[in-house]
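This report goes through one protein chain from selected residues to the overall fold. Please keep the sequence and the coordinates at hand while reading.

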Amino acid sequence: NIIHQMLSAVRGRQPLVRQMLMGEGKTTVVTPLVVLLAATASRACVVCCPAAILEFTCQVLRQRLHSVLARPVTIFSFTRSDEVSDDLYLRLLFAQDARAA
């Protein structure tokens with residue numbers, strides 16, 4: 001099962017890339033489950049997605065995680081060329097402490 005493979009990779013600190021076709025539940029099923037099961041008090045779970053589906057992805061994560069488990073969904077907007085500011089770093093630490101998605 002794809003979710004077990006992803007969680008195993010997370011726990012083993014191994015990279016894993018999976019390609020899924022449109023309509024197979026990447027945003028609505030797989031991502032919320034992996035975030036729910038992989039995020040811990042010491043490990044943040046970061047979801048990267050294309051700008052075109054950012055709003056939808058956040059909406060799904062908020063519905064699945066925040067309303068039921070009171071886990072916040074935080075958006076960090078930056079590029080590879082951006083320097084990590086103190087503010088961004090502190091926001092990341094806060095998100096990790098809150099077990100945010």
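## A residue with positive phi

In which loop does Arg13 lie? Arg13 is placed in the loop between H1 and H2, in what should be read throughout as a predicted model. The phi angle of Arg13 is near 55°, which is a positive value in a residue other than glycine. As background to that angle, most residues other than glycine have a negative phi.

The relative accessible area of Arg13 is 77%, and because exposed residues are those over 50%, Arg13 belongs to the exposed class. Pro15 is found in the loop between H1 and H2 as well, and with a relative accessible area of 74% Pro15 is likewise exposed. Between the C-alpha atoms of Pro15 and Arg99, which are 84 residues apart along the chain, the separation is 21 Å.

## Secondary structure and overall dimensions

The protein chain contains four helices and zero strands, so that reading along the sequence gives the pattern α-α-α-α.

How does the radius of gyration of the protein chain, 14 Å, relate to that of a compact globule with 101 residues? A compact globule of that length would have a value near 13 Å, and the 14 Å of the protein chain agrees with this. Among the contacts in the protein chain with a separation of 6 or more, 60% are accounted for by residues 24 or more positions apart.

## Burial and the nonpolar core

Of the 101 residues in the protein chain, 27% are buried. The accessible surface of the protein chain comes to about 7500 Å², and carbon and sulfur atoms hold 58% of that area. In soluble globular proteins, nonpolar side chains tend to be buried together.

The largest nonpolar core in this model has 15 residues, and those with the most contacts inside it are Ile2, Ile3, Met6, Val30, Val34, Ala38 and Cys45. At least two residues of this core are supplied by each of helix H1 (2–11), helix H2 (26–38) and helix H3 (54–69).

When neighbours within four places in sequence are left aside, the residues in contact with Thr27 are Pro32, Ile53, Phe56, Thr57 and Val60.

## Two further loop positions

Ser42 belongs to the loop between H2 and H3, where its relative accessible area of 62% makes Ser42 exposed. Ser42 and Leu21 are 21 residues apart in sequence, and their C-alpha atoms are 32 Å apart in space.

Ile75 is located in the loop between H3 and H4, and its relative accessible area of 36% makes Ile75 partly exposed, since that class lies between the limits of 20% and 50%. Which residues does Ile75 contact, leaving aside its neighbours within four places in sequence? They are Leu54, Cys58, Arg62 and Arg91. The C-alpha atoms of Ile75 and Val17 are separated by 22 Å, and these two residues are 58 residues apart along the chain.

Which residues make the nonpolar surface patch of about 400 Å²? The patch is made by Val84, Tyr89, Leu90 and Leu93. Leu90, one of these residues, lies in helix H4, which covers residues 86–97.

The relative accessibility of Leu90 is 54%, so Leu90 counts as exposed under the rule that exposed residues lie over 50%. Leu90 and Ser8 are 82 residues apart in sequence, and the distance from C-alpha to C-alpha is 29 Å.

How values were computed. Residues are numbered from 1 along each chain as its sequence is written. This is a predicted model: local features need pLDDT of at least 70, side-chain atom pairs count only at pLDDT 80 or more; totals for chains, interfaces and linings use all residues. Side-chain values use heavy atoms; hydrogens and water are left out. Patches are made of residues with over 30% relative accessible area and no salt bridge: like charges are joined within 9 Å, nonpolar side chains (Val, Leu, Ile, Met, Phe, Trp, Tyr) within 5 Å. Accessible areas come from the Shrake-Rupley method with a 1.4 Å probe; for residues, only the protein chains shown count as cover. A salt bridge is a side-chain nitrogen of Lys or Arg within 4 Å of a carboxyl oxygen of Asp or Glu. Buried means under 20% relative accessible area, exposed over 50%, partly exposed in between (1.4 Å probe, protein chains only). A nonpolar core is a set of buried Ala, Val, Leu, Ile, Met, Phe, Trp, Tyr and Cys residues joined through side-chain atoms within 4.5 Å. The radius of gyration is taken over C-alpha atoms; the globule rule is 2.2 Å times the number of residues to the power 0.38. Contact means heavy atoms within 4.5 Å.
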